[in-house]
Amino acid sequence: MVLITRKIEFAASHLYHNPALSPEENRRVFGKCNNPHGHGHNYTLEVTVAGEPDPVTGMVLDLKELKEILEREVMQRMDHRFLNYEVAELNGKIPTCENVARVIWELLDPKIKQGRLHRVRLYESADLFADCYRNGAAG
Amino acid sequence: MGVKIELGRRYRFAASHRLHTDRLSEEDNARVFGKCANPYGHGHNYVLEISVSGDVDPSTGMIANLAELDGFVEREVIEVVDHRSLNEDVAAFRDVVPTTENLCIEIFERLKRFPHAKLEHVRVQETANNSFEYDGNHKGK
């Protein structure tokens, strides 16, 4: 099995707020991430696909096609957007790194037909990231 | 089939060490450890990367509260090693060579006690070119 990884970057804003909690609780749990007008990050997304290279093309998948899937599913949806208000898949969820990575996994998994989605790693900053794996296949 | 999510976090610390063991002769120490056995030690800017897993709490969207995780790592690891001599100041290395392999194991043992998520692995980057990784959940496999 060979792993192939493509990286993209996008910029987006978000805030953390749970309407079921009091303003004091929101502040205690989320700290400055609860500031009402939000804040932003430069996100880096690494998408890893696993598979066997095709004997004719030598490719696990056509990177051009992966690039188009990432453009359609991630860039158009999230780049220069406010994640809380403009991304329907995050509706009702706190747009933490964990939740955004999971939404990206769920958007990409059915679209990748050659090879199999192996890992989604989303960096919110150089020092904070979330990894998604298929359950039972971590590593 | 579900998705497994891990939260990754990086921390930095600076420390010195000397690779040397009394179990070897001075010649063997010099042969095995090279300039890392120089008597007064030397230092690195280490980067520690950890991953934890667990259920994402629907009310917070988080596997673990970052402030709690950061506070735990600060107390258990950073305060213990940052701007220290690993050989002289860290009890675990009194009789154990403070290679970065052994440092990974010591850090894993300290951080696996984090009560709010499961520690998956630790990776320590000694320089931009050398890094070491340890997953104490699968010892001996």
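Confidence in chain A of this predicted model averages a pLDDT of 95, with 98% of the residues of chain A at 70 or more; pLDDT is the predictor's own confidence in each residue, on a scale from 0 to 100. Within chain A, helix H1 (residues 23-30) has the lowest confidence, at a mean of 96, and H4(A) has the highest, at 98. Local features are described here at a pLDDT of at least 70 and side-chain atom pairs at 80 or more, while totals for chains, interfaces and linings take in all residues. Residues count from 1 along each chain as its sequence is written, and chains are lettered from A, with ligands numbered from 1, in the order in which they are written.

Chain A has four helices and five strands, laid out from the N terminus as β-α-β-α-β-α-α-β-β. These elements are DSSP runs numbered from the N terminus: helices are H or I with at least four residues, strands are E with at least two. Chain B also comes to four helices and five strands, and its elements run β-α-β-α-β-α-α-β-β. Along the principal axes, the C-alpha atoms of chain A fill a box of roughly 60 × 30 × 25 Å, and the C-alpha trace of chain B spans about 60 × 30 × 25 Å. Of the 139 residues in chain A, 33% are buried, and for the 141 residues of chain B the figure is 27%. Buried here means 20 or more other C-beta atoms within 10 Å of a residue's own, exposed means 12 or fewer, and partly exposed is in between, with C-beta atoms placed from the backbone.

On one side, S4(A) pairs with strand S2 (residues 39-51) of chain A in the antiparallel sense, over seven bridges; strands count as paired if DSSP finds at least two bridges between them. In this pairing Val47(A) sits opposite Val120(A). S4(A) also pairs with strand S5 (residues 128-134) of chain A, again antiparallel, over six bridges, with Arg121(A) partnered by Asp131(A).

Leu122(A), along with Ala101(A) and Ile104(A), touches the most other members of the largest nonpolar core, which has 51 residues. Such a core is a set of buried Ala, Val, Leu, Ile, Met, Phe, Trp, Tyr and Cys residues joined through C-beta atoms within 7 Å. H4(A) gives the most to this core, with seven residues. Beyond its neighbours within four places in sequence, Leu122(A) is in contact with residues including Tyr43(A), Ala101(A), Ile104(A) and Phe129(A), where contact means C-beta atoms, placed from the backbone, within 7 Å.

S5(A) takes the story across to chain B. S5(A) pairs with strand S1 (residues 3-17) of chain B, antiparallel, over seven bridges, and Phe129(A) stands opposite Gly8(B). The contact as a whole draws 23 residues from chain A and 19 residues from chain B. Helix H4 (97-108) and S5 of chain A each supply at least two residues of the side of chain A that touches chain B, and S5(A) has the largest share, seven residues.

Definitions and conventions: Contact = placed C-beta atoms within 7 Å.
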